Amino acid sequence: MKHLDELLGKHESLAWRGELHLPVNGIGYDSRRIAPGDCFVAIKGFQKDGIAFVGDAVARGAGSVVSVHPPAPEFPLVTWAQVKNDRRALSAMASRFHDDPSRALRVIGVTGTNGKTTTVALIQELLGPGSAAIGTLGMHFAGDSRPTKLTTPEAPELFAFMAAALKAGCVNLAMEVSSASLSLHRVDDVVFSQAVFTSFSGDHLDFHGTMENYFEAKLSLFKRLGSDQWAILNGDDPMGPHIIRELNCRYVTFGFSEQADIRALKFAFSTEGVKGVLQTPRGKIEFQSRLLGRFNLMNIMAAVSSALVNGVGAERISSALASFQPVKGRATIAHAGDFLVVVDYAHTDDALENLLQAFREITRGRLIVVFGAGGSRDKTKRPRMARVASRLADLVVVTSDNPRQEDPQAIIADIVAGFAPGFTAFRAEPDRRAAIGLALDMAVSGDVVLIAGKGHENYQIFKDRTVHFDDFEVVREKLGRGDA
Ligand SMILES: Nc1ncnc2c1ncn2[C@@H]1O[C@H](COP(=O)(O)OP(=O)(O)O)[C@@H](O)[C@H]1O
Ligand SMILES: [Mg+2]
């Protein structure tokens, strides 16, 4: 049984009241999930201050409270530790509570604007049995699967999962590290043995304010790596050199450029996938994969770099790449017949650009794209997405993504305003099902229809309701089962 004083660490607390050498059953930040004997860490969030829920936590049996606020006189019986930074305290306490499991695992953190989910799944496959993964698809290893609301979960869930993975015999953990999780100290106490940088662009500016803040958040993951740890960097990305300048660890780069340590020597993209040869410091590796498009070759190179650093051999890499199944909704085929229908999660201008460019390379006929933009999120990307679509697609159907609190028509108007001057090859249809129908009606032999934005999601969020919606199902419904 751990005690509050050992979990907190002396430097963490500014002031306290009551018995600090108090047994702690568990650590929680959501008062509704507090059980008797737990420590309630009352986080001062953007919208709500956890201090408002101390009453609820105490009523459920919380033995102690950790907060940036001084001890509250209303709860005289509960032990109270005041800390400088509540999120840091939550992370440190959760890690110690589970005996710092990240030290015993080989943790590979994957960050970047796009490609994290795919790269994590690839790394898990390449490293083979004994590898766990955390990210948008949840937390899982053989025999255990837990859903996550956040791409990078809060520290208590994160470390509890790591402890379970360790106990089950896992040695590797590949995890997505979102920039929000870095800014909010969720992974402060995770010891990474490698950090992978996939790509960088302007998503999430609503949260981070400026591009610099956003990049700084990502950079912090690399700055903290020590001499026996590795950075694995996209050598084609203009941000690469900025990261390299800040490193105190060993690094390798991957990409198409001749300077990259791991580079694509030969490659051919088709609607079946990609095959070719990689040049690596350990020699050439022949590969083939069912992953579609140029950006996925970047993800393949990122994952191969990580595997090589981990000592995985070329043969194992080739066979694992060949058997890897694309992650649902990441450039995955929803229908293959006369024309191809692809569902993809691209919901930023950067991802949309990569997606369209990638499919331009493999489309004989016309490229038709259906997309929208999420409401109540970064609005600046809407005209940029439009500009990209009008430049790279032949036909565009603008529709709704998850409108959330906004009026779908207003979002569409923001997008339409961004089309290149004179661009008229578009239709606007707020009903996503009808919009997909329009695109499929227009498609003829040789065309590719890209349905972008929602990927694996099976819901659509409106102001007053959330409805079931699945791009794959809609395609099946419109085209029948048949040759998919
Ligand atoms: N390396 C990459 N560079 C640019 N865009 C990418 C890359 N990999 C994937 N994408 C695009 O981003 C979308 C999301 O990919 P995903 O692997 O889920 O990344 P993330 O977890 O970072 O959101 C994909 O559907 C694709 O359109
Ligand atoms: Mg993800």
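## The 11-stranded sheet

An open sheet holds 11 strands in the order E11-E10-E9-E12-E8-E13-E14-E15-E16-E17-E18. Its pairing is mixed. Strand E11 (144-146) and strand E18 (283-289) are the edges, and each pairs on one side only. Axes here are lines fitted to C-alpha atoms, for helices over the stretch in contact, and angles run from 0 to 180 degrees between N-to-C directions.

Within this sheet, strand E8 (residues 106-111) runs parallel to strand E12 (residues 172-176). Five bridges join the two. Val-107 faces Leu-173 of E12 across the pair. Two strands count as paired if DSSP finds at least two bridges between them. In general, strands of a sheet pair through backbone hydrogen bonds, either parallel or antiparallel.

## Model and conventions

This is a predicted model: local features need pLDDT of at least 70, side-chain atom pairs count only at pLDDT 80 or more, and totals for chains, interfaces and linings use all residues. Residues are numbered from 1 along each chain as its sequence is written, while chains are lettered from A and ligands numbered from 1 in the order in which they are written.

## The six-stranded sheet

Another open sheet has six strands, ordered E19-E20-E24-E21-E22-E23, again with mixed pairing. Its edge strands are E19 (332-336) and E23 (426-428), each pairing on one side only. The twist from one strand to the next averages 15°.

Strands E20 (residues 340-344) and E24 (residues 448-452) pair in the parallel sense, over five bridges. Here Val-343 stands opposite Ile-451 in E24.

## Overall dimensions

The chain's secondary structure comes to 17 helices and 26 strands. These are DSSP runs numbered from the N terminus: helices are H or I with at least four residues, strands are E with at least two.

The C-alpha atoms fill a box of roughly 75 × 55 × 40 Å along the principal axes. Buried means 20 or more other C-beta atoms within 10 Å of the residue's own, exposed means 12 or fewer, and partly exposed lies in between, with C-beta atoms placed from the backbone.

## Two positive phi values

Ser-376 is not a glycine, yet its phi is positive, near 55°. It sits in the loop between strand E21 (367-371) and helix H14 (381-392). Ser-376 counts as partly exposed because it has 14 C-beta neighbours inside 10 Å.

Arg-404 also has a positive phi, near 50°. Its loop links strand E22 (395-398) to helix H15 (408-416). With 16 other C-beta atoms within 10 Å, Arg-404 is partly exposed.

## Around ligand 1

Which residues come nearest to ligand 1? Of the 21 around it, they are Asn-114, Gly-115, Lys-116, Thr-117 and Ala-346. A residue is near if its C-beta atom, placed from the backbone, lies within 6 Å. Helices H5 (116-127), H11 (294-309) and H13 (349-360) each supply at least two shell residues.

Domain 2 (98-323) and domain 3 (332-479) each give at least three residues to the shell. Domain bounds come from an automatic or database domain assignment. By type, the shell divides into seven nonpolar, 10 polar and four charged residues. Nonpolar covers Ala, Val, Leu, Ile, Met, Phe, Trp, Tyr, Cys and Pro; charged covers Asp, Glu, Lys and Arg; the others, Gly among them, are polar.
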